Amino acid sequence: MSANLDALRVTFTHSNTVRDRRPYTIYEIEVRSSSTITWVIYKRYSDFYNLHQQLLQQVKNTDTKLPTLPPKRLTRSLAAEFVNKRKMELKDYLQRTLAKPELLHNPIILSFLEVPDSVRPMLSRAATLDSASDIYADPADGAKRPHTIRFLCKSPDEKRVLDLVNRLVYIRARVAAIKEFEEWFFEVKPRLSNDCIKLLFQGDHGGADEGGLIQTCGNFDYSHVAARAALDLLGRLLDVEKNKDAQLYLDIFASLQIHVLRRMQLHMHVLVERGDRLGAFRLISVLMSKLPNQPLESIMTDPWTRQEYFRWAERKEESITPAVMEQEDVMLKSVDLEEVGARKVTEQAIKEIKAIAHDEVGWSVVKPYVPAIYGSASSALTTPSVSVGSTAGGVRHLDHHGADPRFSITSSPRTLDDATHGSGGGASSTRITYKKDKKNDIIILRLTTTLPFHVDQVTKLLIDWNKRKEWDVKFHRGKRIEKIDSTTDIVHYVFKSFSSPYKYRDFCLLRSWDKLPEGGRIIAMRSVLHQNAPELKDNVRAVLYSSGYIVTPISSHRPATPSNINNHSSSSDALEHKSNDAGGRATAGCLLTFVAQMDREGVLIVSPDLLGETNQLGQSIMNMRRLLAAQVAAISSKQNAKQQRRQQQQQQQQQQQQQQQQQPQPHVPSAEQEAKAQAVHDRLLQNSIQ
């Protein structure tokens, strides 16, 4: 790698005179490197002068010689010739400064050029690799340098591995280093030697202060996010579906010494809030198959986390882990609307959503989420010794009498025909079920809940993507890309993913909503292709097959029964408020049914809920209830205020009428009196004439 691979380059693109009380010239400078985007900064001469003074102060006791800065002038000149000359002088000064290797990565220079934080690690990488022989080689005097890793790798690919290992020791931006390496690895798919793979896993010798992925995975003192990123990368490297050489990586990983594997501190990923609980359990499953004679407690030291793993392993027998699915490309993923047409896609999606909503075969019920409660009882926990190589049958023979007294899960039915249960969060009417479609390699999720609100209120909230972040815990951001008509549009949604600390799952969706008989509503969604929603580097594009919401009213005189609300029970406490449906009938709320058909990437958004590890779906329903209740309260408050104003106006009108009635009325003479008065007037007039 040449010394200038990621060197910064500057171009003075424009200059402008600012007519202020003391006029000055500002220069527009374009900054770029060979591997990053371009950005623009604006500087005046005083900024260059301050930069030069700071650099002089820093290099005064070194051999570094700075370029000459154009001198100040006693008088200000805004003439075009002078401005152009000064621009060329400043450009020459800045380029000569950046040409010095010892100044290229100077923090003062980086701050002056406003180098983004995401670019700085790339510049550091260039300097690291160019001077690899100096950084990684042992000192000339033969003394042992702390955290030194010998420069064993020779090929460019192996140098990238060595670069990552050293950055995980010497550089603070470890998450960025892992992300950069991960993107490079799965794009290039290099063939690494056994020694280099081992170096990637454990560093040079597997010591606690070396920069392998294993040490970073367990270094929670430095960063929880970096620890989770390292565990996520380990999982991807060992996944046979993501890494073509995963079997070789598995063999080398399982051959590492136990005390090295223990440095991953997998139990911490289960205990801490920001750990990768699911990733830790999956990695233990890998070790179970590769180390048949090694006791589990030698790797996962905490007894409570071992109990949690055993519970997870039991659920995993019928879980939705994407890695165990058989891959068949049967269904079309994202639909091209230019070939199919939005109306046809919508009609097909509505048809599939209705069929899934009424389907009652093969569903599995999600076990209730029970949060862990820590207490003094942990000392009384007893766990049988189980080998890492134990089969699922060995897990089933776990002594439940020795279960943690702080954590109790009641046995839950596995099918809809057995029983129903609440999903937590107080939403006793909410139920989550799922099943696999192995033929098309998708997971089908169905959520049903009762809401004490009118159908139109619920539908309006579901359509409003601006308000989705207020109730959907998993939602990150969204925007409307195109409005096709009054009931159809295309949106781009980004959701948080449980599987990675920095990757999000995004969808480009066609949405369409329509009315149903008896006052119901349906919202259909389907992944489509759109030129204004390309796949983003920082996101993973997921696919949502025919999915959507069905909102049906529940009449107050017709209780919710399996026969009239799609075989789903409702709770009386959720139906406190009554409203009117489209036909004017009194309703006790509505039944909301959510159907989602997801691919491998999309299911990672909800997999913790389906495995019973989190309750974010239930929490989202509770947030929806609160938001709708707040909206209803606001509308009621406005109506009450309007009613009060109307009453006040009526009272004022009545008071005015009463006041008018109490005032004395002016005397109006009758016709006879007017005739007599006129006769008197005429006689007087006649007498005066005579």
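The legends below walk through a predicted model, one close-up at a time.

Residues are numbered from 1 along each chain as its sequence is written. Local features need pLDDT of at least 70 and side-chain atom pairs count only at pLDDT 80 or more, while totals for chains, interfaces and linings use all residues, and side-chain values use heavy atoms, with hydrogens and water left out.

**Figure 1. The whole protein, to get your bearings.** The secondary structure comes to 25 helices and 15 strands; helices (H or I, at least four residues) and strands (E, at least two) are DSSP runs, numbered from the N terminus. Of the 690 residues in the protein, 47% are buried. Here buried means under 20% relative accessible area, exposed means over 50%, and partly exposed lies in between (1.4 Å probe, protein chains only). The accessible surface is about 35,600 Å², and 49% of that belongs to carbon and sulfur atoms; accessible areas come from the Shrake-Rupley method with a 1.4 Å probe, and for residues only the protein chains shown count as cover. Take the contacts between residues at least 6 apart in sequence: 68% of them join residues at least 24 apart. A contact means heavy atoms within 4.5 Å.

**Figure 2. Helix α12 and its surroundings.** Helix α12 covers residues 246-254, and its buried residues are A246, Y249, L250, I252, F253 and A254. These buried residues pack against α8 (174-188), α9 (194-202), α10 (213-218), α11 (224-237), α13 (258-261) and α15 (277-290).

**Figure 3. Where α12 meets α15.** The two helices pack at an angle of about 80°, with their axes 10 Å apart. Axes are lines fitted to C-alpha atoms, for helices over the stretch in contact, and angles run from 0 to 180 degrees between N-to-C directions. The helices α12 and α15 are therefore roughly perpendicular to each other; angles under 35 degrees count as roughly parallel, over 145 as roughly antiparallel, 65 to 115 as roughly perpendicular and the rest as oblique. On the α12 side, look for Q247, L250, D251, F253 and A254, which meet L283, V286, L287 and K290 in α15. Sorted by class, this contact has six nonpolar, one polar and two charged residues. Ala, Val, Leu, Ile, Met, Phe, Trp, Tyr, Cys and Pro count as nonpolar, Asp, Glu, Lys and Arg as charged, and the others, Gly among them, as polar.

**Figure 4. Where α9 crosses α12.** The axes of α9 and α12 come within 10 Å and cross at roughly 65°. Their crossing is right-handed; a crossing is left-handed if the near helix is turned anticlockwise from the far one by less than a right angle, and right-handed if clockwise. From α9, the residues N194, I197, K198 and F201 make the contact, and from α12 the partners are L248, Y249, I252 and F253. By class, there are six nonpolar, one polar and one charged residues in the contact of α9 with α12.

**Figure 5. Helix α7 alongside α9.** Helix α7 (residues 156-170) and α9 pack at an angle of about 20°, and their axes are 9 Å apart. That makes α7 roughly parallel to α9. The crossing of α7 past α9 is left-handed. In α7, E158, V161, L162, L164 and V165 meet C196, L199 and L200 of α9. The residues of this contact divide into seven nonpolar, no polar and one charged.

**Figure 6. Two loop residues with a positive phi.** Most residues other than glycine have a negative phi, and most peptide bonds are trans. E114 is not a glycine, yet its phi is positive, about 55°. You can find E114 in the loop between α4 (107-112) and α5 (120-130), and E114 is partly exposed, with a relative accessible area of 42%. Q265 is not a glycine and has a positive phi of about 50°. The loop that holds Q265 runs between α13 and α14 (266-271), and Q265 is partly exposed, at a relative accessible area of 29%.

Figure 7. A533 sits in the loop between β11 (521-529) and β12 (539-541). Leaving aside its neighbours within four places in sequence, A533 is in contact with I481, C508 and R541. H492 lies 41 residues from A533 along the chain, and their C-alpha atoms are separated by 6.9 Å.
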